[in-house]
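Hello,

Here is the structure I said I would pass on. My notes follow below it.

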Amino acid sequence: MLPEISDLIHRSAVFLPGDPARGGRIALWQADGPGTDTRPWAGAGSFEELTVVTPDLRRTAVRALVLTMDEALPVLTRARARARAETAADGGSAAFWGAAALLALGFAARGKLLPGLSPSGHDAWRIGPLEAADLREVRTLAAAMPPTARCVPLDPERSPDPEGPPDPEGPPRLPAAEPLLRAFLDAVADTLPRSPAATAAAGGPAFAARPPEHRPDLRDWAAEVAAGHDAGVRISLRIELTGEPGRAPEAPGGFRAVLQMHSPADAALVADAADVWAGSGAAAAAFPPGARLDALRALRRAARLWPPLAPLLGAAVPDAVELADEEVTELLGEASAALAADGVQVHWPRGLVRGLTARAVVATPSPKRPGSPDPQDAAGSALSSGLLSPGALLSFSWRHALGDRGDLTPAELDRLAEANRPLVRLRDQWVLIDPAEARRARALQDRTVAAADALAAVLTGSAEIGGERVDVEASGAVERLRALLTGDTPEADDETAAPPGLRATLRDYQLRGLRWLARMTSLGLGACLADDMGLGKTVTLIALHLHRNRPGAATAGPTLVVCPASLLGNWEREIGKFAPGTPVRRFHGPARGLAGLTPGTGEFVLTTYGTMRLDAPALAATDWGLVVADEAQHVKNPRSATARALRTVPARARVALTGTPVENDLSELWAVLDWTTPGILGRPGTFRARYAEPVESGRDPQAAARLSALVRPFLLRRKKSDPGIAPELPPKTETDHAVSLTGEQTALYEAVVRETLTAIAEADGMERRGLVVKLLTSLKQICNHPAHYLGDSDGGATGGSRSGKLELLDELLDTITAEGGSVLVFTQYVTMARLIERHLSARGISSQLLHGGTPVARREELVDRFQAGEVPVFLLSLKAAGTGLNLTRAGHVVHFDRWWNPAVEEQATDRAYRIGQTQPVQVHRIIAEGTVEDRIARLLERKRALADAVLTGGESALTELTDAELAELVALRPAVGNGR
């Protein structure tokens, strides 16, 4: 075992250098009694007799424990930590070498490892390259080295003392601290890459420990590495103008590159190579004797990268080289970058203006014909009527500048391009510019581009032109539009109020959403309202319709809502509830039509995605004020027939509603926003290359920032968890979802009503009451699913097409699970719960079922699994799970079928909406439209007397209705507005 750390900090420790560096060792012995320590420390190092030098410069023999580097590193670092913990001082020599080990580990962690050869020609890693700050850290630590840390006699063959080896017969002396420390750092560097940990991290044997390789043939290669990274000097080029160019603009002088030498030990130490070769000047004298050889090695590497430097290699003194114009042009571009990558900087004369800066300015096109309106008036008109109307074009102008001297005039740009030299006199100043760059700048002319492309460039602040990214600015009406979209102007903070016809109190975030939608659609721009489910997208859109159709509004016109079939009834009910008196019709079913629809009616037209796809030409022939795509994720595939048909329906403005704008990848976001505001994200391939791939791969954070800036004005995303959206104790939002019966359900419903009412008319007493209960039960089962009433146990596997309720449940669960939410689904029938369970399993959705027959232990297990987030959908029997459970994991509660007593439903809802709930709870009640369920819901709202009876008596109260009342209750009615 290793020696006790508390014992080590009181021992002497020295580093014994090795060749290669990883062969170095650490020797430990008793400081106050040399040769007396004979305890066997098995498994770590070996004992050796060493002759050491005491601090008072006497030779003495000790018995020392000698550890290899891989054995010593953990011992030394622990000794350092223990010394700091137990003493105010840094400890003895063992603690010092522990500090040195930590320094070496820090260098290695920062990647400061270089390959090379040891003095004997063996492969070895070393610490490097070290910057000036690193060297100061090394020298600070070396200055703190205690005498006991370097009390070993010097080895004449590999002495780290720069003054040369000592006289073996003379008095002993201690080695120099800094060279000994550097040798130790290199030993750590040569040990780490060959350790088992490095092998595991590398995932292979590339760095596995292996015997030293003797490769003297790599000496030149090692010298090249040293010259390029950690040689004694580094080189740079100082570019000078020859002659007196300031006197004669027509005949400017030439250029030359002067070779300079820099010391890595002192960043401020620089000298011309000519002075170092001559040994003149204080700076030149500071370079070591081998500096010239190091400089030539670095120069040889630089000449391979840029051949015009080759003449310096053949010169007796590599002082300077004359440069032709084309060579200066090379230095202005790729050559300078290649040299800099190898550590050779190029320094240009002060006072020269280098290169052009370019930016694009986007504006409305200037009038080209006499009598055309003033550009500013045209801009104002474009802004008010919708700047991005189809076919709109914007001017894309270029501005070029030299430094901070302002924009160049066309004549000045012509002069730069025609000079065909890298040095041009302009505005009483010498300009250094690539002639090809000047010609490209002159070739750029004002041009018009699609408004969507120009606006995208303005919003992101840049555009990619010819493979280069340039800054983009806006002016005039375009700048006003940009400020409106980004909120950089007081005009963006409009005070649009809830319209008078709205029968609802909008929450603050809903009012902000209305103002945003009103602003965007008034500009002729599309928008995507991507609020979480339950935050009121429907009521916000209804408020927008009323606002756009207010008296005197220029945006008046009918609104077309395209939605899943399961949501038609819900839209119609919400419009009737929040905007009573607003005309609404369904463009759905065999009798659908648009007769009588005029732009001034302010009417709502509701249709499904399927009907829209079939009748797109008829819908496209109508002048729509607004087209709304609800659950817009249905058109996330732009190549689908539904998405293509939707794009053919024109409108003054388009709004997408979705809680999941991105489900799988960014192409879905493109599909939604390219429908609302065509062209704003570019073509699909361009969007994929410019944004989607860089963002999804995470390789370009700037691309993500640009995409965010581009998308932000057109998409409003609020989550229930966002600050300020629902600041009170989590709100509970209740929504009644009306669904239509399928054809099969309708036939069954009507047959059961007809047959059972006939039987009830002929019965009395308990028999009649029983028939009424059976009728109500049968009708509710039919409303749930035909298989529920028929007893078809396989009905759940046939999908939701047989049941409007099951189809809507699929819609709800898709949205909820896509948002990562959890949901409780209550039904009063275990049979129906099992049908749903089988249906969800067939769709690949994980669910679990709790009912009255579930054992207590299993019940607790199911609750724990749900609360842990293992199962997103929890199916529950209303009676068995309506009380006594804490299911706060759920943010949604679905009542698949209606219970006659709302108090029971509220108790079931409270399984999620209770103390401990930290998220808003959305309650969904699914109602079969036009059925007994629908009638009961209306009665609960409108007829207090009957409501009281239901609240107290449930189904038993309904058994006391007269035959006429009962027939009125259960009769199947067509949906309001259907077929209009």
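**An aromatic cluster and other findings**

F15, F96, W97 and F184 come together in one aromatic cluster. Please keep in mind that this is a predicted model. In total, the structure holds five aromatic pairs. One of them joins F15 and W97, with 6.0 Å from centre to centre and 50° between the planes, which makes the pair tilted. F15 belongs to strand β1 (residues 11-16) and W97 to helix α3 (residues 93-109), 82 residues apart. F15 and W97 are both buried.

F15 also pairs with F184: the ring centres are 5.3 Å apart and the planes stand at 85°, so this pair is edge-to-face. Because F184 sits in helix α5 (residues 177-191) and F15 in strand β1, the pair ties together parts that are 169 residues apart in sequence. F184 is buried, as F15 is.

Two arginines sit over rings. R292 lies over the face of W277, 5.8 Å from the ring centre. The charged end of R592 is placed over the ring of F587, at 5.7 Å from its centre.

Helix α10 (residues 291-305) has 15 residues, which should span 21 Å at 1.5 Å a residue; the end C-alpha atoms are 21 Å apart, so the two agree. Buried residues in α10 include A291, D294, A295, A298 and L299.

On confidence, the mean pLDDT of the protein is 77, and 72% of its residues reach 70 or more. pLDDT stays under 50 over residues 155-165, where the model has 18 contacts beyond four places in sequence. Residues 976-980 also stay under 50, with 17 such contacts.

Regards

Key:
Residues are numbered from 1 along each chain as its sequence is written. This is a predicted model: local features need pLDDT of at least 70, side-chain atom pairs count only at pLDDT 80 or more; totals for chains, interfaces and linings use all residues. Side-chain values use heavy atoms; hydrogens and water are left out. Helices (H or I, at least four residues) and strands (E, at least two) are DSSP runs, numbered from the N terminus. The expected span of a helix is 1.5 Å times one less than its number of residues. Buried means under 20% relative accessible area, exposed over 50%, partly exposed in between (1.4 Å probe, protein chains only). pLDDT is the predictor's confidence in each residue, from 0 to 100. Contact means heavy atoms within 4.5 Å. Rings of Phe, Tyr and Trp (its six-membered ring) pair if their centres lie within 6.5 Å; planes under 30 degrees apart count as stacked, over 60 as edge-to-face and the rest as tilted. A charge sits over a ring if NZ of Lys or CZ of Arg is within 6 Å of the ring centre and within 35 degrees of the ring normal.
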